[in-house]
Amino acid sequence: MTGRGKRFMAVLLGAAMILCGCQGRTERDQAGEQDLKKIRIGYHPNFGGSSVVSIGIEKGFFEEEGLDAELVKFTSGPPSIAALEAKDIDVSFLGHGAYTLVMEGQADVIAVDCLSNAEEILVRSDSGITSIEDLAGRKLATQFETSGENFLDQVLGEYGMDGSGIQLVNMDIAGCVTAFVDGKVDAVSLWAPYTNEVRERMGDDQVKTLYNCMDFKDKFALPMSWVATDSYIKENEDTVVRFLRALYRCMDYRAEHLEETAALVARRLDKSEEETLLDIHTGEWLTTEETKRLLADGTIMRWYEEQQEFFQKKKTIYHVRPLEESMRLDLVTKAIGE
């Protein structure tokens, strides 16, 4: 064979090897994709409700646990619980305001994500309202069964009030913002990023924080949870444990990289980084090691016990499950160890 012929054969052989290699990689990639277990995750469009899932998608933590994560957005807890029950999603973030639905048996807590610092009761700077007592006879808007209503109830309870003198207006959270900005209500009980939206639309000098979570940090805890239905857990416990392993990796990453996480959340929610950076202090971001310690000393169970006792005093709940039935923290231990 001539030199030219040898060179030609070498080129053909090389091309064949590259083609085979590419084909092999493609087949392996396809097999890997087929092996991934689909998990549909409900998230909320705020830093607390979307930060860990944004990390999990971007950093590949879900895929590394063999999960194909599909994210579904909800603006509050009740619709996400309804979606869980309808089997439209598999797991979901849940704010503390909708925890009554867990008490009633509609979902189980599978993890605690953080403690919320996001809620505020806002009034106009020129309203003359300087205390919770000044809200008597005034209109206050919030969305019932959300963390906005729960925070309001917690504040009222701290001052020995039941809110009967306040004209409570129940509307969706976007409507609360608009009603307050337009002057149709005197106060709102909201959480970030909606509190930020109010200030942006009205101007910081026109809005006053009557109370926020930090005013009561030594009085009560407001845990934010991840939940799933009992039936889904029974049928897919291995998937739930894998999800939790990825989740706690995401939580560790968030705690160490808050500003980067804000950028990921901004892309997920189609917001500016400046907006999401405002929210990095709206929670006490738990880590794996903190969670192990708080599980071991009973602190996490105490948070939920206190929350359950509070709701039983404030709301009519006809059937309340024992806490040990609704709290599936054994799954957390399986995922991250003791």
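Q: Let's start with T288. In which helix does T288 lie?
A: T288 belongs to helix α13, which spans residues 288–296. Keep in mind from the outset that this is a predicted model.

Q: Is T288 buried or exposed?
A: The general idea is a cut-off: a residue is called buried when its relative accessible area is under 20%. T288 comes out at 12% relative accessibility, so T288 counts as buried.

Q: Which residues does T288 touch, leaving aside those up to four places away in sequence?
A: A contact here requires heavy atoms within 4.5 Å. With residues up to four places away in sequence not counted, T288 touches Y248, D252 and I336.

Q: Now for S76. Where is S76 found?
A: Look in the loop between β2 and α4, the latter covering residues 77–85. Apply the burial step again: S76 has 3% relative accessibility and therefore counts as buried.

Q: Let's move to helix packing. At roughly what angle do the axes of α2 and α10 cross?
A: The crossing angle is roughly 105°, and the two axes come within 9 Å. Helix α2 takes in residues 47–59, while helix α10 takes in residues 237–256. To put a word to such an angle, 65 to 115 degrees counts as roughly perpendicular. By that reading, α2 and α10 are therefore roughly perpendicular to each other.

Q: Which residues of α2 and α10 meet?
A: From α2 come F47, G48, S51, V52, I55, G56 and K59. From α10, they meet L247, C250, M251, Y253 and R254. Sorted by class, this contact has 7 nonpolar, 3 polar and 2 charged residues.

Q: On to the sheets. In what order do the 6 strands of the open sheet stand?
A: Reading across, the order is β2-β1-β3-β10-β4-β11, and the pairing is mixed. To find the edges, look for strands with a single partner: here they are β2 (67–73) and β11 (283–285), so one side of each is left without a neighbour in the sheet. From one strand to the next, the twist averages 30°.

Q: How many bridges join β4 to β10?
A: There are 6 bridges, and the two strands run antiparallel. Strand β4 covers residues 108–116 and strand β10 covers residues 223–228.

Q: Which strands does α10 lie across?
A: Helix α10 lies across β1 (37–43), β2, β3 (91–94), β4, β10 and β11. Its direction is at about 5° to β4.

Q: What is the order of the open sheet of 5 strands?
A: This one reads β7-β6-β8-β5-β9, with mixed pairing. Its edge strands are β7 (167–170) and β9 (207–212), each pairing on one side only.

Q: In which sense do β6 and β8 pair, parallel or antiparallel?
A: Strand β6 (residues 139–142) and strand β8 (residues 187–191) pair in the parallel sense, over 2 bridges. In β8, V188 is the bridge partner of A141. Helix α8 (residues 194–202) packs on the sheet as well, touching β5, β8 and β9, and its direction makes about 25° with that of β5. Helix α7 (residues 173–181) lies across β5 (119–124), β6 and β8, running at about 140° to β8.

Q: Finally, backbone geometry. What kind of peptide bond joins A192 and P193?
A: It is a cis peptide bond, with omega at about 15°. P193 sits in the loop between β8 and α8.

Q: What is phi of K87 near?
A: Phi of K87 is near 65°, a positive value in a residue other than glycine. K87 lies in the loop between α4 and β3. At 55% relative accessibility, K87 counts as exposed.

Q: And where is E145 placed?
A: E145 is in the loop between β6 and α6 (147–158). Although not a glycine, E145 has a positive phi of about 65°. With 27% relative accessibility, E145 counts as partly exposed.

Notes: Residues are numbered from 1 along each chain as its sequence is written. This is a predicted model: local features need pLDDT of at least 70, side-chain atom pairs count only at pLDDT 80 or more; totals for chains, interfaces and linings use all residues. Side-chain values use heavy atoms; hydrogens and water are left out. Axes are lines fitted to C-alpha atoms, for helices over the stretch in contact, and angles run from 0 to 180 degrees between N-to-C directions. Helices (H or I, at least four residues) and strands (E, at least two) are DSSP runs, numbered from the N terminus. Angles under 35 degrees count as roughly parallel, over 145 as roughly antiparallel, 65 to 115 as roughly perpendicular and the rest as oblique. Ala, Val, Leu, Ile, Met, Phe, Trp, Tyr, Cys and Pro count as nonpolar, Asp, Glu, Lys and Arg as charged, and the others, Gly among them, as polar. Two strands pair if DSSP finds at least two bridges between them. Buried means under 20% relative accessible area, exposed over 50%, partly exposed in between (1.4 Å probe, protein chains only).
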